[in-house]
Amino acid sequence: MTFRYLTPREEGMGALRILAVCLAGWGFLFLPDRFAMAAESRAVKPETLLVQGKPQDFNGANGETKSGDKGKSSTNRSAVSFPELHGKDGAPMMLVPAGEFIMGSDRGDEDEAPVHRVYLNTFYIDKFEVTNARFAKYVEAIQSEPPWGFSDKETPVVHADRPVRWVSWMDAMGYCLWVGKRLPTEAEWEKAARGTDERLYPWGNDPPTPVHAVYGLKEGGAETVSVIGDHHMGQSPYGVQDLAGNLYEWVMDWYAEDFYSSFINNPAINPRGPSEGTAKVQRGGSYINTPYRLRSSFRTKGDPTEQDPNVGFRCAQGVPK
């Protein structure tokens with residue numbers, strides 16, 4: 001991890017950025033569930049959504065299996081089409097329909113337990129991680145201090161299609177709000193990754209290989225972070241890509257090791273994590289990690305003000321009106 005001391009001017013700018021993001025994000029954190037439910041009641045049913053102008057049968061195209069298929073090893077087929085829309089930043093977003101899924105694991109770390117049922121409203125999540133090119137537009141528009149990785153001024157051009165890294169949680173949240181989105185909650189991220197059949201990885205239960213994800217590399221190598229969309233065999237049940245490996249991803253929630261214990265006796269409905277904390281949750285593993293950390297239920301954390309070379313993000317949003 002790399003640290004540097006900020007000048008008094010930079011400290012002042014940083015404080016203003018933190019205040020602005022906190023104020024702007026207030027509505028996303030505490031929006032009453034009734035507004036989200038009302039939006040869903042006005043939304044088009046998934047079965048009638050259009051993809052590239054053609055009607056799609058959503059049943060069977062989202063990776064959700066019948067109860068009798070639970071536990072089977074599975075790998076996604078690249079030929080399957082998924083409902084999607086494009087956000088205000090032009091990034092494709094994938095639909096994750098409302099319903100229950102199983103969150104957590106009793107065979108992982110302590111903070112992944114206990115396994116519990118979660119109900120989520122319908123939401124959209126970016127198909128890919130936010131790229132250098134898209135983040136560069138945000139930096140230019142708000143005259144923000146660019147990530148450390150932009151210091152050579154060539155990264156957004158030469159590596160435009162690689163996911164942006166060296167971004168703090170504050171940077172990530174700021175970008176999402178700038179394009180009218182937000183960071184996904186931890187529960188939303190996990191459902192987008194594992195679907196409803198309790199799969200270990202986004203693509204199924206088969207161990208990862210280089211065609212599924214970028215992992216097991218050494219820091220500082222010539223090719224560490226892959227361009228977006230280069231590992232479609234590792235896509236999730238909803239067509240979301242690079243949820244395992246490549247970069248860890250920031251999510252909305254504060255981290256608490258025992259947060260899942262809150263749902264032993266009570267159902268979790270659109271959970272949003274603890275109300276306060278000192279660290280934000282990161283998900284998905286990165287290019288330097290082993291397959292263990294690529295599991296969809298794996299949790300880790302980071303200081304929301306820190307910037308690391310193996311951490312990026314993607315955005316989410318509710319159903320548009």
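This is a predicted model: local features need pLDDT of at least 70, side-chain atom pairs count only at pLDDT 80 or more; totals for chains, interfaces and linings use all residues.
Local features need pLDDT of at least 70, side-chain atom pairs count only at pLDDT 80 or more, and totals for chains, interfaces and linings use all residues. Residues are numbered from 1 along each chain as its sequence is written, and side-chain values use heavy atoms, with hydrogens and water left out.

**View 1. The disulfide of Cys 176 and Cys 315.** A search of the whole structure finds one disulfide (a pair of cysteine sulfur atoms within 2.5 Å). Its S to S distance is 2.4 Å. The link is left-handed, with -90° about the S-S bond. It connects distant parts of the chain, 139 residues apart. Cys 176 lies in helix H5 (residues 169-178), Cys 315 in the loop between strands E12 (311-312) and E13 (316-318). Helices (H or I, at least four residues) and strands (E, at least two) are DSSP runs, numbered from the N terminus. Both cysteines are buried (under 20% relative accessible area, 1.4 Å probe, protein chains only; exposed is over 50%, partly exposed in between).

**View 2. Helix H6, residues 186-194.** Nine of the nine residues are buried, so the helix is largely enclosed by the rest of the structure. Among them are Trp 189, Lys 191 and Arg 194. Gly 195 follows H6, with a positive phi near 70°.

View 3. E10 pairs antiparallel with strand E8 (residues 248-254) over three bridges (pairing needs at least two DSSP bridges). Arg 283 is the bridge partner of Glu 249. E10 also pairs antiparallel with strand E11 (residues 300-302), over three bridges. Here Val 281 stands opposite Lys 301.
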